[in-house]
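This report describes helix packing and the ligand site of one protein model. The sequence and structure are shown first.

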Amino acid sequence: HKNPPPSPRKLPIVGNLHQIGPFPHRSLHSLSQSHGPLMLLHFASAPVLVVSSAAAAREIMKTHDLIFSNRPKSTITAKFLYEYKDLASSPYGEYWRQMRNICVLQLLSNKRVQSFRNVREEETANMIEKIRSCGSDVVNLSELIVELTGEVVCRVALGRKYGGVGRGGGGGEGRRGFKEVLQEFVELLGVIDIGDFVPWLKWVNRVNGVYGRVERVAKELDDFLESVVEEHVERERKGGEREQDFVDVLLEVQRENQAGIPIHRDSVKALTLDAFAAGTDTTSTALEWVMTELLNHSQVMKKLQAEVRGIAQTNHQVTEDDLDRMPYLKAVIKETLRLHPPIPILVPRESTKDVQVMGYDIAAGTRVITNAWTIGRDPLSWDEPEEFKPERFLNNSADFRGHNFELIPFGAGRRACPGIQFAAAVNELALANLVHKFDFALPDGVEFDVSEAPGFSVRKMFRLLVVANPHTC
Ligand code: HEM
């Protein structure tokens with residue numbers, strides 16, 4: 001190719017892999033400081049385009065979105081998601097289009113998200129009760145937030161609680177609970193598999209046992225999902241009215257052949273798994289960082305509490321109707337997603353044709369990594385980018401729905417996250433209730449800390465421990 005983007009020097013065999021540390025968004029950030037907003041790396045011999053500015057992201061996810069709408073293949077993902085039968089990992093094409101329609105129009109539409117309002121309200125109330133029951137003891141807020149999003153996704157997707165014991169569901173002898181299996185699933189999805197870049201190195205993860213674990217966990221997940229689907233089929237046969245969960249909706253789409261192409265049981269299971277793979281860690285990570293920033297910025301916390309308490313007053317619960325009148329709360333969430341996008345380097349894309357971007361030639365089959373973390377801190381786009389200042393969003397219509405390329409925690413374009421509404425609904429309600437009911441402080445002797453843990457979605461390294469004093473209006 002005649003005019004490739006700038007590249008850091010690479011080593012034989014590994015290419016630039018040795019320059020990527022445990023926090024890829026930070027390693028790529030430093031490299032982009034010397035090589036520019038569009039740079040070409042090599043993971044072993046595979047070309048990887050790294051996108052580090054709003055202007056470059058716009059070129060990829062808007063101007064040339066069609067060409068960059070593929071996802072790279074991955075051995076581990078293929079094993080878990082029934083050979084890419086879900087939405088997130090599916091290659092761009094007719095199958096993806098049909099699955100995307102099902103997700104956008106059926107599973108994650110505004111109307112459907114609204115229909116689960118009672119689930120969010122109940123689970124939020126449960127979390128508040130658990131905090132209250134701790135009295136003046138230390139509360140592990142991170143754990144409660146993870147539990148909240150887990151329970152909401154579980155009830156919405158499967159129509160049951162995590163802890164619900166059923167066939168294969170957790171109580172059976174010698175069987176692990178669904179929750180533990182899911183944890184390992186999400187952890188394994190985050191493994192960087194050297195074999196994806198260097199086929200002759202596939203033996204590494206075979207020998208060290210990663211592929212073995214993937215096989216085992218995939219089997220456990222499949223057994224469990226199979227039993228859940230069977231339960232739903234059985235219940236449907238018996239009839240009766242109730243709120244449809246994701247599995248019900250998918251079985252209906254399948255029965256009535258609504259998708260345009262026949263969908264099989266594997267597609268039902270794969271799409272259900274996407275809710276867990278893409279929707280749980282991301283949502284809880286966002287809320288964990290919101291609370292962390294608030295604990296470190298007492299003026300912001302006070303202002304937020306004044307807004308929420310002014311509207312909800314002495315009501316028992318802040319309701320979803322109240323949220324529309326809370327612009328500061330929404331600004332706090334946006335500002336957190338700017339500084340802490342839960343998936344800082346987004347989900348990788350892949351080009352399907354040769355194309356020119358910003359005057360550089362990019363070959364077909366190039367993997368694309370967009371560093372949303374760097375973009376959110378770019379001094380060209382943001383005034384005092386390192387400061388946590390939700391006020392910046394009060395007189396600014398910028399949102400995170402993929403129109404403003406300075407703020408893209410959910411990506412943009414054809415493959416943008418279809419779960420934005422779902423995540424916002426969970427987090428806004430939980431946040432409003434947390435700050436309405438309690439005044440938070442760090443426990444004695446606990447230092448404020450913002451270190452990050454390695455992983456695909458970047459959580460805090462140390463759990464957020466707080467003391468929660470009940471607030472009486
Ligand atoms: C704060 C929470 C969340 C964040 C930060 C987030 C972020 C993302 C990102 C960065 C992408 C890739 C976008 C791209 O390639 O341009 C994505 C895709 C996706 N997300 Fe989310 N997400 C969140 C919540 C959810 C939820 C709650 C669900 C579902 C219940 C969900 C389902 C999906 C799916 C299915 C895709 C793949 C779409 C496709 O490939 O066509 N996400 N998400």
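## Packing of α13 and α14

The axes of α13 and helix α14 (residues 298-312) approach within 5 Å and cross at roughly 110°. Axes here are lines fitted to C-alpha atoms, for helices over the stretch in contact, with angles running from 0 to 180 degrees between N-to-C directions. α13 and α14 are therefore roughly perpendicular to each other, a term for angles of 65 to 115 degrees. Met291, Leu294 and Asn296 of α13 form the contact with Ser298, Val300, Met301 and Leu304 of α14, where contact means heavy atoms within 4.5 Å. Five of these residues are nonpolar, two are polar and none is charged.

The model is predicted: local features need pLDDT of at least 70, side-chain atom pairs count only at pLDDT 80 or more, and totals for chains, interfaces and linings use all residues. Residues are numbered from 1 along each chain as its sequence is written, and side-chain values use heavy atoms, with hydrogens and water left out. Helices are DSSP runs (H or I, at least four residues) numbered from the N terminus.

## Packing of α8 and α13

Helix α8 (residues 178-189) and α13 have axes that come within 11 Å and cross at roughly 75°. α8 and α13 are therefore also roughly perpendicular to each other. On the α8 side the contact comprises Phe178, Leu182, Phe185, Val186 and Leu189, and on the α13 side Leu273, Phe276, Ala277 and Asp281. By class, this contact has eight nonpolar residues, no polar residue and one charged residue.

## Shell around the ligand

The ligand is surrounded by 28 residues (a heavy atom within 4 Å). The closest are Arg71, Arg100, Arg349, Arg415 and Cys417. α4 (94-107), α13 (265-296) and α18 (420-437) each contribute at least two residues to the shell, and α13 gives the most, with five. The shell has 18 nonpolar, five polar and five charged residues. In this classification Ala, Val, Leu, Ile, Met, Phe, Trp, Tyr, Cys and Pro are nonpolar, Asp, Glu, Lys and Arg are charged, and the others, Gly among them, are polar.

## Polar contacts and iron

A polar backbone atom of Ala278 is 3.4 Å from a nitrogen atom of the ligand.

The iron atom of the ligand has a single donor from the protein, Cys417 (SG), at 2.3 Å. Donors are N, O and S atoms within 2.8 Å of the metal (3.2 Å for Na, K and Ca); water is not among the atoms, so sites may look incomplete. Cys417 sits in the loop between α17 (372-376) and α18.

Notes. Polar contact = N/O pair within 3.5 Å; in protein donor to acceptor, adjacent residues only side chain to side chain. Parallel < 35°, antiparallel > 145°, perpendicular 65-115°, else oblique.
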